[in-house]
Amino acid sequence: MKFVIVFSALFAVALSAAVSQDSAHAETLRYDNDNIGVEGFKYAVETSDGKSASEQGVLKNVGTENEAISVQGQFSYIGTDGVTYTVTYIADENGFQPQGAHLPVEPKL
């Protein structure tokens, strides 16, 4: 669970680093924070400058040697070109796996 808190904090810092001067005065339009506990969490946030993020995590294989957190989420922002960019991701025992129309895709062999 500590990993999730650290991951979420680092994600928030990285997202805030991309804030432009125009979004310095953005207001929170929506903030949902549900089901935060030992075995999982879920949150969503949306701001007036067009940014949004949501994430949910579940502890799998509770109490076993293979206990692991599985996280699914997405974030969106408006780029300097006016296009809205969205990244969806899964982070689990297989690593961080982002997807987005603007992200490069590994060629299939």
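Colleague: Is Tyr89 buried or exposed in this model?
Modeller: Happy to take that one; the model is predicted. Buried means under 20% relative accessible area, and Tyr89 has 3% relative accessibility. Tyr89 therefore counts as buried.

Colleague: How is the pair of Tyr89 and Phe96 classed?
Modeller: Good one to work through. Planes under 30 degrees apart count as stacked, over 60 as edge-to-face and the rest as tilted. The ring centres of Tyr89 and Phe96 lie 5.4 Å apart and their planes meet at 40°, so the pair is tilted.

Colleague: And Phe96, with 47% relative accessibility: what does that count as?
Modeller: Exposed would need over 50% and buried under 20%. At 47%, Phe96 therefore counts as partly exposed.

Colleague: Which residues form one aromatic cluster?
Modeller: Let's start from Phe75, which is buried at a relative accessible area of 15%. The cluster is formed by Phe75, Tyr89 and Phe96.

Colleague: In the pair of Phe75 and Tyr89, how many residues apart in sequence are the parts it ties together?
Modeller: Phe75 lies in strand E4 (residues 68-78), while Tyr89 belongs to strand E5 (residues 84-92). The pair therefore ties together parts whose separation in sequence is 14 residues.

Colleague: Which strands stand at the edges of the sheet?
Modeller: The open sheet has six strands in the order E1-E2-E3-E4-E5-E6, with antiparallel pairing. An edge strand here has a single partner strand, so one side is left without a neighbour in the sheet. That describes E1 (28-37) and E6 (95-99).

How values were computed. Residues numbered from 1 in each chain as written. Predicted model: local features only at pLDDT ≥ 70, side-chain atom pairs only at ≥ 80, totals over all residues. Heavy atoms only, no water. Helix = DSSP H or I, 4+ residues; strand = E, 2+ residues; numbered from the N terminus. Buried < 20%, exposed > 50% of the residue type's maximum accessible area, 1.4 Å probe, protein only. Phe/Tyr/Trp six-rings, centres within 6.5 Å; stacked < 30°, edge-to-face > 60°. Pairing = 2+ DSSP bridges.
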